[in-house]
Amino acid sequence: MRWFVLAVLLLCPTVYTHAQNNIGPTGVDLLEECSIVANSAPQHMPVGEDWGKAQHCMGYLSGVTDTLSMLKSLKQLNPSAATVCLPVDGITMLESAKVVVKFLNDNPNSLHMSYRMLVLVAFTQAYPCHK
């Protein structure tokens, strides 16, 4: 349980306030931001407002994937600690964005939820730990 609490704390470093709700950014926000990344060629990143949204997505996903990598290492100390197992070579920001965008597109009824939880569920489904 302590590992889960640690993971949640590490995955939720940023607090946002939106006028419409108190849960922070939702799947709608995440889908918009990460779709910009997922649909961009690596050498043609967006500019202007889209650049900021793309950077937010990539920064957020970078924090999540770093946390998941750390949890995978902790799993060696405590086998029940990790619920997500990224590939040994890790994943790129493009791959991360595609995982999240696919999950959000496949689960439109979840878009009202906090994207903290949505990202975790997306990665849990995409990269389960095999026993």
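Trainee: Why does Phe 123 count as buried?

Mentor: Keep in mind that this is a predicted model. Here Phe 123 has 0% relative accessibility. The cut-off for buried is under 20% relative accessible area, so Phe 123 counts as buried.

Trainee: What does Phe 123 touch?

Mentor: Not counting residues up to four places away in sequence, Phe 123 touches Leu 61, Val 64, Thr 65, Leu 68, Val 84, Leu 86, Ile 91, Ser 96 and Val 100.

Trainee: How many aromatic pairs does the structure hold?

Mentor: One aromatic pair, formed by Phe 123 and Tyr 127.

Trainee: What makes Phe 123 and Tyr 127 a pair, and why is the pair called stacked?

Mentor: Take the distance, then the angle. The rings are 6.2 Å apart centre to centre, and a pair needs centres within 6.5 Å. The planes are 25° apart, and under 30 degrees counts as stacked. Both tests are passed, so Phe 123 and Tyr 127 are a stacked aromatic pair.

Trainee: And Tyr 127, buried or exposed?

Mentor: Buried. Tyr 127 has 16% relative accessibility, and the limit is under 20%, so the label holds.

Trainee: Which residues touch the most other members of the largest nonpolar core?

Mentor: Leu 61, Leu 104, Val 119 and Phe 123, in a core of 30 residues. Helices H2 (27-38), H3 (48-77), H4 and H5 each give two or more residues to this core. H3 gives the most, with seven residues. As a general point, nonpolar side chains tend to be buried together in soluble globular proteins.

Trainee: How do you know that H4 is roughly perpendicular to H5?

Mentor: From the angle. Helix H4 (residues 93-106) and helix H5 (residues 115-126) pack at about 105°, with their axes 9 Å apart. Roughly perpendicular covers 65 to 115 degrees, and therefore H4 and H5 get that description.

Trainee: Which residues make the contact?

Mentor: On the H4 side, Ser 96, Val 99, Val 100, Phe 103 and Leu 104. On the H5 side, Leu 118, Val 119, Val 121, Ala 122, Phe 123, Gln 125 and Ala 126. Sorted by class, the contact of H4 with H5 has ten nonpolar residues, two polar and no charged ones.

Trainee: Why is H2 called mostly covered?

Mentor: Nine of the twelve residues of H2 are buried. They are Gly 27, Leu 30, Leu 31, Glu 33, Cys 34, Ser 35, Ile 36, Val 37 and Ala 38.

Trainee: What makes Ser 35 buried?

Mentor: Ser 35, in helix H2, has a relative accessible area of 18%. Buried means under 20%, so Ser 35 is in. Not counting residues up to four places away in sequence, Ser 35 touches Leu 30 and Val 101.

Trainee: How do you know that Gly 27 is buried?

Mentor: Gly 27, also placed in H2, has a relative accessible area of 0%. Leaving aside neighbours within four places in sequence, Gly 27 is in contact with Leu 104, Leu 111, Met 113, Tyr 115 and Leu 118. Gly 27 and Met 113 are 86 residues apart along the chain, yet their C-alpha atoms are separated by 6.0 Å.

Trainee: Over to helix H3, where Trp 51 lies. Why does Trp 51 count as partly exposed?

Mentor: Trp 51 is at 45% relative accessibility. Buried stops at under 20% and exposed begins over 50%, so Trp 51 falls in between and counts as partly exposed. The C-alpha atoms of Trp 51 and Ile 36 are separated by 8.4 Å.

Trainee: And why does Cys 57 count as buried?

Mentor: Cys 57 is found in helix H3 too, with 1% relative accessibility. The limit is under 20%, so Cys 57 counts as buried. Leaving aside neighbours within four places in sequence, Cys 57 is in contact with Glu 33, Cys 34, Val 37 and Ala 97. For Cys 57 and Val 37, the C-alpha atoms are separated by 7.6 Å.

Trainee: What pattern does the whole protein chain follow?

Mentor: Read along the sequence, α-α-α-α-α, with five helices and zero strands. Of the 131 residues, 40% count as buried. Among contacts between residues at least 6 apart in sequence, 69% join residues at least 24 apart.

Terms used: Residues numbered from 1 in each chain as written. Predicted model: local features only at pLDDT ≥ 70, side-chain atom pairs only at ≥ 80, totals over all residues. Heavy atoms only, no water. Axes fitted to C-alpha atoms, helices over the stretch in contact; angles between N-to-C directions. Helix = DSSP H or I, 4+ residues; strand = E, 2+ residues; numbered from the N terminus. Parallel < 35°, antiparallel > 145°, perpendicular 65-115°, else oblique. Contact = heavy atoms within 4.5 Å. Nonpolar A, V, L, I, M, F, W, Y, C, P; charged D, E, K, R; others polar. Phe/Tyr/Trp six-rings, centres within 6.5 Å; stacked < 30°, edge-to-face > 60°. Buried < 20%, exposed > 50% of the residue type's maximum accessible area, 1.4 Å probe, protein only. Core = buried A, V, L, I, M, F, W, Y, C linked by side-chain atoms within 4.5 Å.
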